[in-house]
Amino acid sequence: MTENTIQESAVSDGDRGVPLSRGLSLKLLVLTVLFVLIAEVLIFLPSIANFRLRWLEERLGTAAAVSTVLIEDDAASLSRAVQDDVLMAIGAKAIAVRDEGVSRLLVVADMPPQVDKHIDLAAVGPMDAMTGAVDTLFFGGRRMLRVFGKVGDSDKEFEIVVPDKKLRNAMLVYSRNVAFLSLLISLITAMLVFYAINRIMIRPIRTMTGSMLAFSRAPDDPGRIIEPEDRGDEIGVAERELAGMQRQLQKTLSEQKHLADLGLAVSKINHDMRNILASAQLMSDRLRLVKDPTVQSFVPKLVRALDRAVSYSEGVMAYGRTQEAPPSRRRLRLRQLVDDVQELLGINPDGGIEFVNAVDPAFEVDADSEQLFRVLTNLCRNALEAMAADRERAVVNRLSVSAERIGSVSRIFVADTGPGLPQKARDNLFAAFRGSARSGGTGLGLAIAHELVRAHGGSLDLVESVGGRTVFSVTIPDQPVRLEDARGGLRRPA
């Protein structure tokens, strides 16, 4: 599947499954606008406070310039009309100057009955400025302000009494302009951020979503696997990991299909094999009538081998159901069981492979005899196949089975002098169809052995695997004693 096909699938599936109101694109656009507006609001508060102070400073500065002229030309000689024109130009109700502790009223119109707020421009801090700006903006318009302070390098202090109606109107105009500009900046920023993030993140995520949906519809189609882009960020890592997961899942599904097909084939073969083995059992029973001592010595072994073959044939269906029968555990003499394994393997002493049964004759293990027999048979057969591939006559090929007991735990060691397991087999140990050590192998032997040992509450471990030595250990703890049985045993008379 090409990238364009995946993208088209992603868009169609996204439109079908995710409404536009809940899509990432719309959420990203709304959040960007919202965050930019919040940032503009945080900037607006000190900005409107500064605008208010500058407006008052300009009025006080103009009043200071007029006051300087009036002091030189005697303000008392000005007519009422001229005074009104001066105050109207400034927008104030009165102008005064304080020099050397003496306050002098220079120009006055209709003096207001009271002043609502006194503002010393030299003493206004940042928080006071923002609080005053918000107060004027929301609650002003009908107040009278007394503004005073020094202007420039003059040692005189000037003051004016001015209504805040024009100040509030100017602040409203300024706020409207700032709000419009903030909204415009937010939209432009949001579109730029959306475009960048959509190209960098949203589109690749949409592609991955489309790939997952397409893969889920046909997981066996190799063309549905996403093709990762060559990028080193988190999106690139996610795409590569998704591609790896899809390949691994496809491989696993293929193996499971192979196993299912194999189980079906084995089930068909099993039906006919059981009939053949039943016939072989009847013929082996007739061999008991033969008086030849040699035949009589081999008949019990042949009968046991056929019985095990029938039991394995019946157990095929249990393995096809992915569950082995629970072990029927009893105390066993391990050395005798290992001898049976040696006889079944049919090792030829002249074949260059030596089998050593190093188990103590008195050693006992608490296990299911048939299942433990299968475990040891699989381990020993794998070792024999590995050593049989080595054709050098001078090389020592030895397979040995030993055991030890530590408290209530039995450990059985199967060691060989073969070439050792390859890295691929060690990486996929106990995994069917992947853990085989030889070409053409299925790896089912180790997988079955691992499952049987775990059913005993034990573990199958690879202790060592180097050139010339491979050791597997089978750890089986004794079967727990039920408390009722233990108490019953204590109550029995000696």
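**Entry 1**

I then looked up which elements give two or more residues to the patch, and found helix H2 (24–73) and helix H5 (165–217). The largest share, 9 residues, comes from H5, and Met191 lies in that helix. The helices (H or I, at least four residues) and strands (E, at least two) are DSSP runs, numbered from the N terminus.

I also wrote down the ground rules: residues are numbered from 1 along each chain as its sequence is written, and side-chain values use heavy atoms, with hydrogens and water left out. As the model is predicted, local features need pLDDT of at least 70 and side-chain atom pairs count only at pLDDT 80 or more, whereas totals for chains, interfaces and linings use all residues.

**Entry 2: helix H4 against helix H5**

Staying with H5, I looked up how helix H4 (residues 126–139) lies against it: their axes come within 9 Å and cross at roughly 100°. H4 is therefore roughly perpendicular to H5, a term for angles of 65 to 115 degrees, with those under 35 counted as roughly parallel, those over 145 as roughly antiparallel and the rest as oblique. The axes are lines fitted to C-alpha atoms, for helices over the stretch in contact, and the angles run from 0 to 180 degrees between N-to-C directions. Ala133, Thr136, Leu137 and Phe138 in H4 meet Leu167, Arg168, Met171, Leu172 and Ser175 in H5, where contact means heavy atoms within 4.5 Å.

I next traced an open sheet of 5 strands in the order E2-E1-E5-E4-E3, with mixed pairing; two strands pair if DSSP finds at least two bridges between them. Strand E2 (102–108) and strand E3 (117–120) are the edge strands, each pairing on one side only. Strand E4 (residues 144–150) and strand E5 (residues 157–163) run antiparallel and are joined by 7 bridges, and the bridge partner of Leu145 in E5 is Val162.

Which residue forms a salt bridge with Arg98? The partner is Glu157, with the closest N and O atoms 4.0 Å apart; a salt bridge is a side-chain nitrogen of Lys or Arg within 4 Å of a carboxyl oxygen of Asp or Glu. This pair links distant parts of the chain, as Arg98 is in strand E1 (residues 94–99) and Glu157 is in strand E5, 59 residues apart. I counted 13 salt bridges in the structure.

**Entry 3: another open sheet**

I then followed an open sheet of 5 strands in the order E7-E9-E10-E12-E11, again with mixed pairing. E7 and strand E11 (459–466) stand at the edges with a single partner strand each, so one side of each is left without a neighbour in the sheet. Strand E7 (residues 353–357) pairs with strand E9 (residues 397–406) in the parallel sense over 5 bridges, whereas E9 and strand E10 (residues 409–416) pair in the antiparallel sense over 8 bridges. In the hairpin of E9 and E10, which has 2 residues between the strands, Gly407 takes a positive phi near 65°.
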